[in-house]
Amino acid sequence: MHYLIRRSLHAVFLLFGVSILTFLFSALTPGNYFDEMRLNPQISPETVAALRAQSQLDRPLPVRYVHWLSAVAHGELGFSFAYNSPVGPLLWARARNTLLLTITATLLAWLLALPLGIWSASQFGRAPDRVLSWATATLLVIPDLVLALGLLILAVRTGWFPTGGMISVGFESLSPLDKLRDLASHMVLPVLALVLSALPMLVRHVRASVAEVLEAPFLRAALGHGIPRRTLLYRYALRTAANPLISLFGFSVGTLLSGSLLVEVIMSWPGLGPLLLEAILARDLYVVIGCVLLSMLFLVAGNLFADVLLYWADPRIRTEASAK
Amino acid sequence: MPLRSFTKWLVVLLVLHGVIAAAGFFAPYSPIEQDRDRPYLPPMRLHFFDTQGHFHFRPFFHPLRLRESAFDQYEESTSTAIPLHFFVRGASYHLLGILPMRFHLFGASDARICLLGTDAFGRDQLSRILYGGQVSLLAGLLGAGVTLFLGALIGIVAGYYAGWRDELLMRVAELFLALPWLYLLFALRAFLPLSVSPLEAFLLVVVVIGLVGWARPARLVRGVVLSVKERDFVRAARGFGASHLYLLRRHILPETASVLLTQAAILVPQFILAEMTLSFLGLGIPEPISSWGNLLASLQNYSVLVSYWWMYLPALAIIPFFLGYLGLASSLQERPAAYKIVEKKSWNPS
Amino acid sequence: MHPLLKVEDLVKQYPAGRSAGSKVKLLALDAVSLSIAQQTTLALVGESGSGKSTLALCFACLEQPTSGSIFFEGVDVAALPESELRSVRPQVQLVFQDPAASLNPRWTTFEILSEPLFLQRSLAKQNRNNTVSQLLDRVALPRNLTSRRPGELSGGQKQRLAIARALALEPKMIILDEALSALDCSVQAQILNLLLDLQSSLGLTYLFITHDFSMAAQIADQIAVMDRGRIVESGTVHKILSSPTHESTRTLLAATPRFPTSPPSQVNP
């Protein structure tokens, strides 16, 4: 248990660190924000003055941080000027959509990367491996911005997929099965964009880790015992290569989350990404902070999940933890 | 041979960068030259065979005119054939910002040849892509420079002095590494003023990009410093009374060079992409300065997406650069042939 | 006559735990006391981990002892601040075990030899050339080696280079930390002879660290045996070899390879 406690504490530390960073960013130039707010006709001067007073600009930083932190802890994430509503509910609705996209893309990417990488490692140096290496190299060279835009243009010109949004008009009146189909068809493009941009790196790493394990003497010994090939690959090799791969999983959550920001904006998927962008352009301070914090929360949660996975998968960590 | 492939990729990159640096020569027109009568021209085709089927050595093109029924569709007016000339004198420009020149690689008189089409204001896309590349590449290179400088500095302090400085710096680095970089980039950008002059915007973009990625180079440099610090030749130099600065400058820093170089090859393309992303979303370089990012900004319009596909082409410009930098990074990470394990056999239990 | 080097109750502790603030400490040197007379050789013998290298680093002022004194020519160098240490450093020089690690592989021979000259004596370019040539002569290395890198030299040549570098600042004492252990037997003999010649011609004092008694016997006047951070036995070579008292001494002696007929002696190799 000690390991898990340690990792949970680490996650909490990360969250605190992120909150401090975010707070520092926002605190360093609040002047800009409030000055620009005054220029915004949608916000009354009284509101600006009240907000300015509330943010206690003249108090020392640590005091302001504690004040801000306690407000956040109470679920008070501030007020959005653009949407004229509290930030909290606004965020949660969008967050659900982002999670849907990111989790699907992560699962799909790994479900593809693992078998491809393992197969590639077992065919090391031969034709199938070389072809796959070329394919991943080609994908690697196409950045996610280019890929997403390209897919969008493809959709627009062929009309095969809906070109944006999450649901069609008249979604409410559809039967449950049709609702699912509608959602799925809207998800294809963004998920494809995310998966294709993440896949090459994942496949390469899986291939490298598994190939290294396949060289190990204990595997050749197992081979000599007559254990079937598939078992060897998946139960023996994969288990041993699991350690670095699970760390990679934690890292991939971060890159997919980053990628989802861009993909959501391009494909008009109503997630945190477009919200953050709008908020930045509209100088909607509290929405910006809320979005950034929430995305970091997801990231930390994803990494903690990876830590738990590691605990479950790697017996060495379990024994090391119980030995303490 | 690792050295040979490194040189090969370096040459490729130098050529690519050279073309962009000499954008004035390769671009037929100035990037701000407008032609409002002809917005959204599609890419023009070059012909070698005329309507009668005769072959012409010198390629030529037909100017485009509006189709009668449509308001934004063009067709070639095959009555006029305008030849393409090479090494023509055109609008004057400054090569690399210093040398005034008037020569362009190709051009035509009487009409404009727009090989990649034009945008809403009739500006030639090819020229805009070439000039825009200057901004994007420079932003990427400078951003990488800032990051590497910052990362090296922090890595050296952490590795050389160790102790609480090391712990603190590495914890902060861990934090930065753990965060999704695009959100970090946006957060940094968000808290800075939006409407700034192009030069300020450029500097802003460089600084913001530079501040995001220092953690990984810092960790790597720290590792190198920690291990080199304990080497006997450093001890021997200390035994001669060397100062810390001397040790860092003459013994430790040279060892970090290869790590920094590899990181540069990895970071530069990422930072070019970061600039593109920022400018695409309106948070980076503003008009009228073109950068690869803001050239794509018009694609956010549905109508542009549907009707004017050539506006996507600036996105492809970055691909050869990605390829070059990827090749360079791979060649740097290859171990020397002497240490390579002889030929891995494919794993086949039959 | 006053000893050149005299050590009293030297203690060196290292933090041994995982994190920086760990309470667990490793005792590398446990109240070590010894003295070395001028122009003599003291051999420090012991197994790996007995603290020999730590002692060497402390003598060369490259590690700060936790407590105790190191009197070099009467001055306690362990208590000196860094600024004053600078003038003491040239007096005591170190030759390390692995010349591949103690010579910067990217530098040329010339750069390696001029480094101490540059740091301490600020010689002019012309003088530096001359001094480097003289140093090469002293260790019997050809003068045209100056543009070569350590990777191009043999083990014996590298170690000669390391010795030449140690001589650059005209030290009174040279500490040789297992300096011959990495070399072939025949080369060991050559370097040993070189060291003896240098000692007589330059009046050097040696601290010769080794785990090999036969080598110690060939070069040393006095022997001190170390075990787990302590000096367990010391005395003249003859006394230690003929009648060892401490258990570790006997173990080490027994491990020394020797020909069936004669015991190791100070015979011309």
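Guide: Gladly. Let us start with the word domain: domain bounds come from an automatic or database domain assignment. Please keep in mind that this is a predicted model.

Visitor: What makes chain B a chain with domains, and how many Å apart do the C-alpha centres of domain 1 and domain 2 lie?

Guide: The assignment divides chain B into domain 1 (44-114) and domain 2 (129-346). The C-alpha centres of domain 1 and domain 2 of chain B lie 40 Å apart.

Visitor: Which residues touch the most other members of the largest nonpolar core?

Guide: They are A:Ala148, C:Leu207 and C:Phe208, in a core of 231 residues. Membership needs a buried residue of a nonpolar kind, joined to others through C-beta atoms within 7 Å. Domain 1 (44-114) and domain 2 (129-346) of chain B both give residues to this core, so it lies between them.

Visitor: What is C:Leu207 in contact with, beyond its neighbours within four places in sequence?

Guide: The partners of C:Leu207 are C:Ile36, C:Leu42, C:Leu44, C:Ala56, C:Phe59, C:Met173 and C:Ile175. As general background, nonpolar side chains tend to be buried together in soluble globular proteins.

Visitor: How do you know whether the radius of gyration of chain C agrees with that of a compact globule?

Guide: Set the value against the rule. With 269 residues, a compact globule would have a radius of gyration near 18 Å, and chain C has 19 Å, so the two agree. The C-alpha atoms of chain C fill a box of roughly 55 × 55 × 45 Å along the principal axes. Within chain C, 41% of the 269 residues count as buried. Of the contacts in chain C between residues at least 6 apart in sequence, 67% join residues at least 24 apart.

Visitor: What secondary structure does chain C have, and why are β2 and β5 of chain C said to stand at the edges of their sheet?

Guide: Chain C comes to 10 helices and 10 strands. Four strands form an open sheet in the order β2-β1-β4-β5 (chain C), with antiparallel pairing. Each of β2 (25-36) and β5 (75-76) of chain C has a single partner strand, so one side of each is left without a neighbour in the sheet.

Visitor: How do you know which chains touch, and which pair shares the most contacts?

Guide: A contact needs C-beta atoms within 7 Å. Two pairs of chains are in contact, and chains A and B share the most contacts. That contact takes 38 residues from chain B and 46 residues from chain A. On the side of chain B that touches chain A, the largest share, seven residues, comes from α5(B). By class, this side of chain B has 34 nonpolar, three polar and one charged residues. Chain A and chain C are joined by no contact, and their closest C-alpha atoms lie 13 Å apart.

Visitor: How many residues of chain C are in contact with chain B?

Guide: There are 19 residues of chain C in contact with 16 residues of chain B. Elements giving two or more residues to this side of chain C are β6 (92-95), α3 (99-102) and α4 (109-121). The largest share, four residues, comes from α4(C). The residues on this side of chain C divide into 10 nonpolar, four polar and five charged.

Visitor: Why is helix α8 of chain B called largely enclosed?

Guide: Seven of the eight residues of α8 (residues 232-239) of chain B are buried, so the helix is largely enclosed by the rest of the structure. Among the buried residues of α8(B) are B:Asp232, B:Phe233 and B:Arg238. The cover includes α7 (215-229) and α9 of chain B, together with β6, α3 and α4 of chain C. Just after α8(B), B:Gly241 takes a positive phi of about 90°.

Visitor: And what secondary structure does chain A have?

Guide: Chain A has 13 helices and two strands. Buried residues make up 35% of its 324 residues.

Technical notes:
Residues are numbered from 1 along each chain as its sequence is written. Chains are lettered from A and ligands numbered from 1 in the order in which they are written. This is a predicted model: local features need pLDDT of at least 70, side-chain atom pairs count only at pLDDT 80 or more; totals for chains, interfaces and linings use all residues. The radius of gyration is taken over C-alpha atoms; the globule rule is 2.2 Å times the number of residues to the power 0.38. A residue is buried if 20 or more other C-beta atoms lie within 10 Å of its own, exposed if 12 or fewer, and partly exposed in between; C-beta atoms are placed from the backbone. Ala, Val, Leu, Ile, Met, Phe, Trp, Tyr, Cys and Pro count as nonpolar, Asp, Glu, Lys and Arg as charged, and the others, Gly among them, as polar. Two strands pair if DSSP finds at least two bridges between them.
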